[in-house]
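Biologist: Hello! I am new to this structure and would like to learn how to read its features. Could you walk me through them?

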Amino acid sequence: MRKGLASTVKVSTFNPVGDPSYDEHSGKNSFNLQYVGPVIPGLELGVFELFTYQGALDSIRIDEVDLEYADGTKETVVYNRTTKDDSGLNNR
């Protein structure tokens with residue numbers, strides 16, 4: 001069982017009709033969120049970071065996760081899942 005030292009979660013952002021939505025400052029719709037610390041196989045990986053400012057953001061697709069293990073090996077896991085904000089914050 002290998003423990004990971006770092007991971008990069010690659011995400012893309014979309015508007016309500018499914019088109020890419022863009023950050024108002026950088027103009028990007030794809031982002032790399034980095035996590036440093038042990039990643040233990042079989043457990044959930046929670047990455048939270050304020051990474052974009054968008055008025056039309058509706059969903060975020062987690063494209064892939066790049067893992068770097070303590071022994072120096074690397075692995076890319078293609079995730080390709082979309083999540084939506086159901087907190088109610090966008091329904092004001």
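Modeller: Gladly! Let us start with a term we will need: a residue is called buried when its relative accessible area is under 20%, exposed when it is over 50%, and partly exposed in between. Please keep in mind that this is a predicted model.

Biologist: Thanks. Where does Lys10 fall on that scale, buried or exposed or in between?

Modeller: Lys10 has a relative accessible area of 26%, so it is partly exposed. For the chain as a whole, 25% of the 92 residues are buried.

Biologist: And what of the surface of the chain?

Modeller: The accessible surface is about 6,700 Å², and carbon and sulfur atoms account for 51% of it.

Biologist: How do I read contacts along the sequence?

Modeller: Take the contacts between residues at least 6 apart in sequence: 60% of these join residues at least 24 apart.

Biologist: Now for charged residues. What is the general idea?

Modeller: When their charged atoms come close, side chains of opposite charge can pair. In this structure, a search of the whole model finds three salt bridges.

Biologist: Which residue pairs with Lys10 at 3.3 Å?

Modeller: That is Glu64, whose side chain meets the one of Lys10 in a salt bridge with 3.3 Å from N to O. Lys10 sits in strand β1 (residues 4-14) and Glu64 in strand β3 (residues 59-69), so this pair links distant parts of the chain, 54 residues apart.

Biologist: What does Asp66 do?

Modeller: Asp66 also forms a salt bridge with Lys10, with the closest N and O atoms 3.0 Å apart. Because Asp66 lies in strand β3 and Lys10 in strand β1, this pair ties together parts that are 56 residues apart in sequence.

Biologist: Which residue forms a salt bridge with Arg61?

Modeller: Arg61 pairs with Asp63, and their closest N and O atoms are 2.4 Å apart. Arg61 counts as partly exposed at 24% relative accessibility, while Asp63, at 18%, counts as buried.

Technical notes
Residues numbered from 1 in each chain as written. Predicted model: local features only at pLDDT ≥ 70, side-chain atom pairs only at ≥ 80, totals over all residues. Heavy atoms only, no water. Buried < 20%, exposed > 50% of the residue type's maximum accessible area, 1.4 Å probe, protein only. Contact = heavy atoms within 4.5 Å. Areas by Shrake-Rupley, 256 points an atom, 1.4 Å probe, with all protein chains shown as cover. Salt bridge = Lys/Arg side-chain N within 4 Å of Asp/Glu carboxyl O. Helix = DSSP H or I, 4+ residues; strand = E, 2+ residues; numbered from the N terminus.
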